[in-house]
Amino acid sequence: MTRVEQQALSAELDRAITVGNPWVVFNDQPDKILQPQDLRFFSSAGAAEKFCDAANGEFDFAEQMFHSDNYRYMQAATLKASLEMDVEKNIKMDITAVARQMAEQNLSLLPGTSYDVFESALSRGQLLPVSWQRTIDPLKEIEEYHVIAHQHSGGMIYEIGHSHRVLESFGSSGEARSFMDSVVFYNELADKGTDYLIVGRFPGQSLELDVEGYAVPHSGLTLVTAHHNYENGHDYHELQPLSEPATVSRYFFMGVRDGGLLLFNDKLEPTTLDVVQQPFYPTHFINDYLPFKNSIIMNEQSFDYVKNQLFYLGFGEEVAKPLREKMEQNLTEFSIPHSRKFGQDETNSILHFSKGDQKDKDMTFFNRADITLKQPGKEDLTQTFFFGKEYNYTLQERYNMMDGRAAYREQPKMAPVEENGEVRMKPTGETYFAWRGLDFKNADQYGNFNPKVTFWNHQKEVGKYPIKGIEENYDKLRLIAKLEKGNKVDVVLLRDGHETQAKLVANPRMARLDFYDSTGQSLIVRKVEKQAVDQRQKVEMTPQEVQRAAIASHSAQKPGQSTGQNQSNAAAVSGTEAQHHSSGQDTTQKSDAKQQVAAEEQNQQGQRRKQGVRV
C-alpha cells in the first residue's frame, strides 16, 4: 500500500465517522490491499453483524460453490489508527481495580478474551465488548410467547435454505404449547419437514431470531424445540423450564476514562446498565490493529532515512517534497534535480534513486549524483559520484574536489573480490584517513576523473605559518576542520608587524598550504619556526640571563648549522613576537638575519615557480 492509498482510506474513514457511521466492514482476505471502495460503513455493531452473517459463506447457485469471503467489522477509529500507525496512548490503569469494578457490576469478559489482551486494548484507548449477566424468573420476565416454524430446504448443505416465521403469539406458555403440539401432529401427517420452537419475548424488546429461529440474547428465551426427524416424527427438547431461574446476557462496549469504567451501546453512544440495549452479539468483531502493513511502515522509514541522508550530505531540506512524491509512486528507479550556489559558482545535480533487492522491505536508496559545476568564464564540468551507507563526502566537499581541491576524511580500505566471475572492490572492514581529490589528467571510459589519494600531515604544517589566533588549540582545530573539507578558509596573517587578510587552502599534492589575496593572486608566506621557551623561564629570567642562555644554546648546536639560519627564523616571527626576540641581539646578528631571510625568500619563490604557483 502506498502512502497515497493510505491517505485515501483515512479520508474515507474520517467522512464515515463524521456522519455517524463508526463501524467499518471489510473483507479480511490474505494479501488483499484495502481500497476505499472495499469499505462498508454502519451506524451500529448489530447492523454490521447482520451484514457479516449474510455475506460470509454465501452460496453461489450459478457456480454451485460457497464464496470464501471473510467479512469482519471493527471501529473505524481503530482502522484509521492502524493506517496512520498512531496506536500508542499508554493510558495508565490498574487492571486489578478494573476487574474489581467489573465484578461489582456483573460485567465479564467474552469467552476467549484474556485480561492481558483486555488491559493492552484499554491502555491504548480502545473499546472492547463485555457481557452483563443477570438471573431472572422466566414467568415474571417473559411478556409474550411465540410459536416459530423453521425450515431448512438446503438438505445436506446446512449453510443455505434456512427460513423461519412466527405462526402465532400467545399470552401464556400453555396456549403456546397446545398450539405447537397441534401443528406438530399435522406436520407429521403431511411430512413437510418443519421444525417448531416456542420463544418467550422480554418486555420492551422486539423479537430477534437467529438463522435457526432461536431467540437472540436480550430479546428473549428459547423454551422448547421440536425438531423434525424423518424416521420417528419430531423430537422435543425443553431448553428452559419456566419454573427454573434463567441467566440472560446483554452486551456493551467498555472503555476506561479518568480511571473509571465507561459503557457504550452498539452505536458507540455512552449508556448505562439500566438502559434497554439493541440486542447484538459481537461474533465478527475484531479489535486488533491491522498490520498495514509493513509496506507503509517501511516506506515511511525508508523516506525518513533517505531524507536525512540527503540533508546531512548538503542537499538541503528542499529535496524532501519531490522525494516523497516519487516514493509514493512506488517507482523502481527515479531521479530528482537539485541546484546549489557556491558564491559565483553553481552545482546542478541529478540525484539517482532505486529500490533495494529485498522487495518485501520496499526500501529506496540514494545511489549516485551526476554533478555539473558551472563557473563564470569556464566550460561546464560534470562528474558522477557514488554514495553508500557511510563514509560519504558532502556536496560541499564534492564541489571543492571539482574546483581543484581535496578533502580529508576517513575512508574504508578496499580489496578485490571475485563475484559471479567478476572482480569487484569490496570493503575489508578496516579504514584509513587520507586526502582525496580528482586527477584531472586521467579519466575513465565514462569521462569521470579518477580519484587521487594523498597522505600528508597537514595538522603539523598549519603551526608553521604566522596565522593569527591559532595559538589557542580550539581555534587551531576549527581552522583545521575547515581545511579538511577542502574549503577556502579566511585567515589573518601577521607579516612584518601588520595584519593581512588572506584565503588559506590545503594543497596535499604539493604537501603545503597555499595563501591567496582577495583577488585570487598567490601570496608568498614564510614559515615560522617558533622557539619553545618555558613560560616559567620567561617570567623568572633577567634579560642578561636570556642573553647568556641564547649564546650557550648557539654554542651547543650541531655542526653545520649556522648562526644566520637561527637568526633568520627569529626574524621571520610576526610583529610583536619578532620585536621581543630581537631586543637583546647585536647589530651584526640583525644584519646576518636580514641576509638569510632574503636568501630564503628568493629560494621559496624559485620553488613555487617550478611548481606552477603564481608569485
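For the angles in these notes, I take axes as lines fitted to C-alpha atoms, for helices over the stretch in contact, with angles running from 0 to 180 degrees between N-to-C directions.

**Entry 1: a helix on a sheet.** The model is predicted, and I kept that in mind throughout. I began with helix α2 (residues 45–55), which lies across β1, β2 and β5 and runs at about 165 degrees to β5. Next I checked helix α3 (residues 76–84): it lies across β1 and β5, at about 90 degrees to β5.

**Entry 2: the sheet itself.** The order is β2-β1-β5, an open sheet of 3 strands with antiparallel pairing. Because β2 (40–42) and β5 (71–75) each have a single partner strand, they stand at the edges, and one side of each has no neighbour in the sheet. On average, neighbouring strands here are turned by 30 degrees against each other, direction ignored. I looked up the pairing of β1 (residues 23–27) with β5 and found 5 bridges in the antiparallel sense. Valine 24 stands opposite methionine 74 in β5.

**Entry 3: helix α5.** Which residues of α5 (residues 115–123) are buried? I found Phe118, Ala121, Leu122 and Ser123. The buried residues of α5 pack against α4 (95–104), β6 (107–109), β7 (128–136) and β13 (246–257). Glycine 125 follows α5, and its phi is positive, near 85 degrees.

**Entry 4: the whole chain.** Stepping back, I counted 17 helices and 26 strands in the protein chain. Of its 615 residues, 40% are buried. I also noted an accessible surface of about 34,900 Å², with 48% belonging to carbon and sulfur atoms.

Definitions and conventions. Residues numbered from 1 in each chain as written. Predicted model: local features only at pLDDT ≥ 70, side-chain atom pairs only at ≥ 80, totals over all residues. Heavy atoms only, no water. Buried < 20%, exposed > 50% of the residue type's maximum accessible area, 1.4 Å probe, protein only. Helix = DSSP H or I, 4+ residues; strand = E, 2+ residues; numbered from the N terminus. Contact = heavy atoms within 4.5 Å. Areas by Shrake-Rupley, 256 points an atom, 1.4 Å probe, with all protein chains shown as cover. Pairing = 2+ DSSP bridges.
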